[in-house]
Amino acid sequence: MSDPRFSRREFLGLIGSATFVAGCSKDRGEIVPFTKRPEGAKPGVADFYASTFQEGLCAYGVLVKTREGRPIHVQGNDRHPAFKSKTSPAAIADIMGLYDPDRLKHPLMDGHPADWSAVESKLVSSLKDQSVLLVTGALLSPARRALIMDLKKVLPGLRHVSWEPALGDGQTAALQDCYGSARRPRLRLERAKVIVALEADLLSGGRTEEIGGFASNRTERSMNRLYAFEGSVSLTGANADVRVAWRPSRAAALGFALARELHQAGVPWPSGVDSSSLSDFSLEGLDSGLLRALVGDLKKSRNQAVVVAGPSLPPQAHAAAFLLNAMLGAEGHTVDASSSVAEPLSGSDAVAQALREAQEGKFGAAIFWQVNPAYSFPDAKLWKAAVAAIPLKVRIGLHEDETAQDCELVLPEHHWLESWNDFETAEDLLSLQQPAVGSLYETKQAEDILLDILRGLGGGAPIDYRHYLMARWQREVQPSGSLVPFESFWSAALHDGVCQRKAEAKPPRRLNGSAVNRWAQVAAQSERPQWELLLSPSANLFDGRYANNGWLQELPDPVTKLSWGNAVSMSPTDASRLSLEDGQVVRLSASGREVELPVVVQPGQAPGVLSAALGYGRRTGSIAQGVGANLFPLWNAAPVAVKDAGRREVLAFMQRHHTLEGRDVVRSLAWPKGRLAPRKDLASLYEPRKFPKHKWVMAVDLSLCVGCQACVLACQSENNIPTVGKERVLKGREMHWMRVDRYYEGSPENPRILMQPMLCQQCDDAPCENVCPVAATNHSDEGLNEMAYNRCVGTRYCQNNCPYKVRRFNFFEYTAQTPASARLAFNPEVTVRPRGVMEKCTFCVQRIQEAKQAAKVRGRPLQDGDIEPACAAACPARAIVFGDLKDSTSRVSKLTRSERGYRVLEELGVKPSVTYLADLRNPPQADAS
């Protein structure tokens, strides 16, 4: 790079181009020149757009923050009734997907740039009178589904396959068999007193609604109880009151045995269930006292209990969970299918069948949209043979990925932040997606490509997908007989991002007892293999669709704390038996396929279970390529063999100390009687600090925090925090201002797991301030530990003197190495730090100043809740609370006086401004007498 500096001229040029693109794009509808400023638009003031972000089978309501026409931050939409102002971590991070420099910028024909008219002319002529295979991801959009139905009218030979490669087929098969419908119910964990998770990670970052529901009953007043039976170690297991290492192959047997125990305790069978089909199940290996407690809890709680089987489990495990919920009466209470919709997904077998038909020459063309089967389909030989037999292959997507490399036509689509759509998350709720920016490149919305095909084949269609969407809403969504003009109805729905409507009441689902009997017989005949390989979507990269996102690659796995790659987790017992350590590479083989990847020795892992994350090992993308190993070839493959590959790999762990070493940095109490000893103020040689107006402090409730790390990503997005890459992470030079530490207590075979967000503690007597030779770091009269970046000379004395290790040093000009397009994501309210300066959490001081100014304009004082740092706004459990300590009525002021409150390393006398509330656990023996 000839000029590593990021100049003011370049920055203003980028903003100018972004503003031009945002305001003058032809695909956003009516355009208004900014020289005649629209009412309410002010330079330097953020605008927010309500929209929707889809990931797999979830559609999250979001608010997109824009500045001068460019999106810079994503947060939850507070008007969404389910997610309630919270959203998926991937939604926050996918702002970088919009600005990804690797995005396709124009169509490709046979690997060469082409114009849209040429590629669409070839596409329409090639599809006419042909049998066409259309493979897509999950279609949660009613308008999108309607468009495909319209396309089938002009393409009678169209075969549509909806496929999500990282989601197991077990739940769909069990739902269809046991209830006659694939409707996935909504889990109402806020109503649950007892939760039993069978290899189900209910508290992973993407389960925003479940995290909020779970956390709502983790207080001194109300405490649920979570049992987790799992072979791997998940965030759900880490937060469980009782966690049992349990092999996945025995999950169904556990569920059916629990049902039998419940029946023996007096709970009747549902209609049609034959008790003799459950007579062969035992609970071998489960402590008898724990069994009695679990059965007692379920019987006592009844419809305030819920049992959930994870997506990686086979249908028989889901059938066992359905049986337990039916016995408990959970249907309609903690399991709510009253308004859920069925999203028909094709399993791996159906995709394989379609590819076999393609191999036989039954399709004249194939379109791949929202899926990347060249990467994620397990049988690479079948894929290659199938695409070789299809005359025309078309890829609609954001990148020239693995599937695009096998296609003649590659059509670039809009990012979701440039697109229109609607999503049906429930029968009584629709959410809208609207563009927050015009198209940055020569791309099209994928639905507009399908509309062009529709018109080219003689079908009638509106001029673009926005009009198609609006016409459908006017015809099918707006209440009939409404006196409100459609334009007003549409504008109100766009403003709110959601549209609630009345839906016909569904009768309660009835469990098919005969189907349960059949699945019980299957479970009784299941064998226990020597090794069980448990593959699940990456906590960060999902199925690999975010693999080119540096924020998500560098964000560590919430349990292993490994970044920039995946590894196979193995129990300490198995690792000791095979003489393996962290970083040693093993070869996993099954069904004639082999994959090599390093080992992570995972405390708490069930012996005989291997677990690893999907989504790595991509062959394309400047960031994704070559990071980790692709494990899709081993999807559903068995039996699995493990062999030492004879080499080592250095792993990029973000956390290097995993136990508390006898310290009480993270404290935990038994509910309801646990209390901490009263705190005592220590003597100090410093003059007492005075805060005339405000004293900004934070409280973090460890009983609510599940460790999802949404706060880390929100902080990174809000504060222009760079990624540094694997090489720098290995040297301990990561730049995150905030982290979530994970600690183990107890034996490696069955440890207790504790989570703690850690950030700058804004100490009143900060040890960093008195060692800075140039006074670059100092204390404000509102309690903030401030940094004057242009004064810092980089001695790093402050970093060495910080007991919390939360100060970060710019060893390199990281931001100057950021591609030009990605710099458009920078928040202009936060300084972009140069090389050689120290940086750290500021309690989002820019948001504090913005709230002050807004209150001043309104002519009123600041109120509690006016200021919400990015981390607190993103936390789905609402574990982080910020406010003014001088306001005795503020929520944070009350929390700092809690009997559970303590300050980390307060014995050093540094007077930190962050109060932690000790974690609460509710094991069975903690029941009040």
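**Reading salt bridges and a domain interface**

Mentor: Start with Asp177. Its relative accessibility is 26%, so it counts as partly exposed. Keep in mind that this is a predicted model.

Trainee: Which residue forms a salt bridge with Asp177?

Mentor: General idea first. Side chains of opposite charge can pair when their charged atoms come close. Here the partner is Arg518, and the closest N and O atoms are 3.0 Å apart. This pair links distant parts of the chain: Asp177 sits in helix H6 (residues 170-179), Arg518 in helix H18 (residues 513-524), 341 residues apart. Arg518 has 42% relative accessibility, so it is partly exposed.

Trainee: How far apart in helix H20 are Arg577 and Asp574?

Mentor: Three residues. They are separated by about one helical turn, because both belong to helix H20 (residues 572-577). Asp574 has a relative accessible area of 4%, so it is buried.

Trainee: Is Arg921 buried or exposed?

Mentor: The cut-off for buried is under 20% relative accessible area. Arg921 has 8%, so it is buried. Arg921 forms a salt bridge with Asp919, and the closest N and O atoms lie 2.8 Å apart. Asp919 is buried as well, at 5%.

Trainee: Which residues are linked in a network of salt bridges?

Mentor: Charged residues can be joined in a network. Here Glu120, Lys444, Asp452 and Arg455 are linked that way. For the whole structure, the count is 54 salt bridges.

Trainee: How many residues of domain 2 are in contact with domain 3?

Mentor: An interface can be read by distance, contacts and buried area. On the domain 2 side, 14 residues are in contact with 17 residues of domain 3. The two domains bury about 1,000 Å² between them, and 62% of that is on carbon and sulfur atoms.

Trainee: What is the count of salt bridges between domain 2 and domain 3?

Mentor: One. Arg247 and Glu532 meet through their side chains in a salt bridge, 2.6 Å from N to O. Six residue pairs are in polar contact across the interface of domain 2 and domain 3. By class, the side of domain 2 that touches domain 3 has five nonpolar, five polar and four charged residues.

Terms used:
Residues are numbered from 1 along each chain as its sequence is written. This is a predicted model: local features need pLDDT of at least 70, side-chain atom pairs count only at pLDDT 80 or more; totals for chains, interfaces and linings use all residues. Side-chain values use heavy atoms; hydrogens and water are left out. Contact means heavy atoms within 4.5 Å. Buried area is the accessible area (1.4 Å probe) that two parts lose on being put together, summed over both. A salt bridge is a side-chain nitrogen of Lys or Arg within 4 Å of a carboxyl oxygen of Asp or Glu. A polar contact is a pair of N or O atoms within 3.5 Å; within protein, one must be able to donate a hydrogen and the other to accept it, and residues adjacent in sequence count only if both atoms are side-chain atoms. Ala, Val, Leu, Ile, Met, Phe, Trp, Tyr, Cys and Pro count as nonpolar, Asp, Glu, Lys and Arg as charged, and the others, Gly among them, as polar. Helices (H or I, at least four residues) and strands (E, at least two) are DSSP runs, numbered from the N terminus. Buried means under 20% relative accessible area, exposed over 50%, partly exposed in between (1.4 Å probe, protein chains only).
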